[in-house]
Amino acid sequence: MKLAADSPATLPLTPEAKAAEKYNIVKNIVRGIVPLITYPLFSILLMAITLLIFRFNPLKVMPVIWDGAFGGGDIGHINAISETIVKATPLILTGLSIVVAWRAGLFSIGGEGQLLMGALTATAISHLLKWMSSSLVIPLMIVGATAAGALWGGIAGWLRIHRNVQEVISTIMLNYVALYLVGVAVEGPLQEASKNGPYSSLLPNSLLFAHLLPISMTNGIQTRLHGGVLIAVLAVPIIALYLNFTRQGFALKLVGSNIRAANVAHYNVDAIRMRAMLLSGGLCGLAGVVQLMGVSSRLSLEFSPGWGYNAIPVALMGGLTPLGTLLSALFFGALNAGSSNAERMINTPSVIINVVQAVAVMLIVSLRAWKRRASEGNAE
Amino acid sequence: MNSSLLHFSNNPIAISMKGITKHYGSTLALNNVNFECMGGEIHALLGENGAGKSTLMHILAGLSRPDTGEISVNGSVVNLKSPREAREYSIAMVHQHFTLVPAFTVAENLALDLPFKGRFSRYSSRNEASTALAKAAELGWHLDPNAITSSLPVGLQQRVEIVKALSSNASTLIFDEPTAVLSVDEVADLFRVLRTLKSNGTTVILIAHKLAEIMAVADRVTILRKGNNVAETEVSKTDVHQLARWMVYGSDVDTDEEVKISAVKSSSTDTANTVLSGTGITVSGDRGEVAVNSVDISIAKGEIFGIGGVDGNGQLELAECLAGIREYSAGSLLWNGSEFAAGKNPSTGYIPQDRRRDGLAVNLSIVDNLLLDAVRDKTFQNGPFLRKKKLNSLAYTLVQEYDIRTSNPWLPASSLSGGNQQKIVVARALYRNPDLIVAMNPTRGLDIHATEYVHSRLLEARSRGASIVLFSTDIDEIKLLADRAAIISHGSLTNYDLVKSSDEELGMLLGGMGLESGSGK
């Protein structure tokens, strides 16, 4: 059979090929699901051990954590689950940012700085445009924050491409630059009028995301579930589509897998890597403004408890896929919400959860390395 | 009788592998294989790609472990769990894909494997490497200890790799397809070194699939086919045809059948119709040096223009220039009289020389690898989205059309054998029927079947009117396929008459001497 120039005639897929394709899809799904079941189970086991080491009774503490995450006891289910989702929201966006960069073979640790730049820019916009109608300012804040995050990612991208500075290094350093810029801002031009502390004034209610659940649904206690959650949840399928079904996504994957082959196949490697860093940074910037308008309402030095850094374990546990990241962010959100409750109710320090997270990440990373080594052995 | 006893006592069995079986997943790579090698001989291990040669030798070198089987070194049974333990039994391997650190100097690479002498004493890689460098000098190789390894041509890198293996005082050296990356001259030099090693008492095991090389250098040969023993014999008691039959068909075949080792024949073409014409093309290398120096080149429609030469003489740069990956800094390059722009004028297909590095993303699926170029084609796009169905059916067509042997094309490309990986690269270069094809060592490291396959595809492309520039360090390949040829040396091209030129003239050209200066002799 001869193929015509530039428009190759194609054969229909045979049943075997279709079966192979289906098998492949099923295999990928199973591969995605298995860690999402095993890792959380494993983390819970790990948590029990950690609690034992610090002489807490896991059988007492873990139900309280469960109540904080999913409701029970005095806490309504909807209230607790809302809190879990609120805690997961920034992690979804920053986790996606890691996934995008990783696809292009870049290991960005700059989520924290990009997120802070987003929040800083949005705060500045809200201050500068007080006279403008809030229906115009809100989109400006969101776009401005995303652009600022993208710029922060783009600087690391530019350094990597044109000066061969490893993005691991440059993004960490840019995190500090962003943190200190926030510091300057909240003790200077953006500080609230009474000058009481290093934070900006609260955003007016008109610039905050609406509460999604009416009080009537939640035992008279207002949940923090805000409109920004929808942005984060919507970002998941968009990024999934982008990575798996567009030509730009294909290019990211190729560059992440073998830069030289991409170059030889006439792909513009520099532009593709830059695009990955811009998109990755933009997602974190977006996370910054979502937190600002949804939860914190003001900028301060303590604005982020490390959402940018925690994105890395979230993305790793999610198998570096968008859907996995959503689920693993929810798991981390539940841990956070639950451990806050445990601290409040029975005085168990919530930092124990950080220990669990850190150990889990090390185990996941070593598991991945071990798997890779095993598969290389088989590639003979 | 007497002489055979003498022979035995001089050459006891140095290496003996018995009943070696090895599975990779569900694939049986080695099936109860036996292998014996006398001390101080050059023993060739022959087989097609995927016959299990490398697997068997990786087991001997401690790189992987057999499922069952027994290994003895000098008569005592050993358990080789790692390359380090293999080295304790004086077994070392020279790998096909080098194990050198590219950013290190030659001396640093040579010192890498040696044990540290003093914990607190001053470390100098040059001092540490001095023994190894002296050994290299004994073999007639003068390596620059301060040269950065990645800057060396592949032939020199191999020498470093060999010296590194020797520096561990190895008495058994395994060479994995050492000639795959070498030119004619370099092969001759390597054989000289192999013989020197043998005369020093070193046992040499040579993984190979080029029959002529085995006939030229080996004492004995073991033939594997699909993970099974086929035969073992002294080289002096066999011939090329016998070996080829064993390798391709195994031992139980109808011996009347003649194996076609290279049945492809060139047909004459019309060379008057020049499409590509370049004058004074100058291309810079990676370090800014002039790699291609003011070269004139002209190629006709439907012609294969062969460019031979020793690696590192500007082939890569010229090939990448013609493939549109590298720009030329001076000269003019025209296609059909208008400005040459690879990919657009003319449409171009490129077979890069290092498929794992430049041709494939081995972690991605076979399908993805086949679609590297197609995804950028408007017919496979719907706005920013890819038309997956159409793409998959194209990929599947190519899998069949180019005979890529796989159980599932959605497996990573790394799951394929070298020959099948190369078929992906060839498929991508050819399926769009480009007007210009740049092929660089397209059959390097491939077995006879895969080589013939690639050759027939190239000839097919020529017969439909494609112009092909074939770079090859294998002059026989050029003689076989090319209509016209030239030799590249130090960045300059010298025309080479395929019919009239003698081997001696060829040697002169490869050595960088023009015919005029050489003819005085």
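Is the crossing of α4(A) and α6(A) left-handed or right-handed? In this predicted model, the crossing is left-handed.

**Two helices of chain A**

Helix α4 of chain A spans residues 111–128, and helix α6 of chain A spans residues 167–186. Their axes come within 7 Å and cross at roughly 30°. Angles under 35 degrees count as roughly parallel, so α4(A) is roughly parallel to α6(A). On the α4(A) side, the contact includes Leu116(A), Met117(A) and Leu120(A). On the α6(A) side, Leu174(A), Ala178(A) and Leu181(A) are among the residues that take part. By class, this contact has 10 nonpolar, 3 polar and 1 charged residues.

**A buried strand of chain B**

Now to strand β13 of chain B, residues 304–308. Here 5 of the 5 residues are buried, so the strand is largely enclosed by the rest of the structure. Ile304(B), Gly306(B) and Gly308(B) point one way from β13(B). Phe305(B) and Ile307(B) point the other way. In a regular strand the side chains alternate between the two faces of the sheet.

| Partner of β13(B) | Residues | Sense | Bridges | Example of bridge partners |
|---|---|---|---|---|
| β20(B) | 467–471 | parallel | 4 bridges | Gly306(B) and Leu470(B) |
| β21(B) | 484–489 | parallel | 4 bridges | Gly308(B) and Ile487(B) |

**Where the chains meet**

Chain A places 34 residues in contact with 41 residues of chain B. On the chain A side, α1, α8, α9 and α13 each supply at least two residues. α8(A) gives the most, with 6 residues. By class, this side of chain A has 17 nonpolar, 11 polar and 6 charged residues.

Terms used:
Residues numbered from 1 in each chain as written. Chains lettered and ligands numbered in written order. Predicted model: local features only at pLDDT ≥ 70, side-chain atom pairs only at ≥ 80, totals over all residues. Contact = placed C-beta atoms within 7 Å. Nonpolar A, V, L, I, M, F, W, Y, C, P; charged D, E, K, R; others polar. Axes fitted to C-alpha atoms, helices over the stretch in contact; angles between N-to-C directions. Parallel < 35°, antiparallel > 145°, perpendicular 65-115°, else oblique. Left-handed = near helix turned anticlockwise from the far one by under 90°. Buried ≥ 20, exposed ≤ 12 C-beta atoms within 10 Å, placed from the backbone. Pairing = 2+ DSSP bridges.
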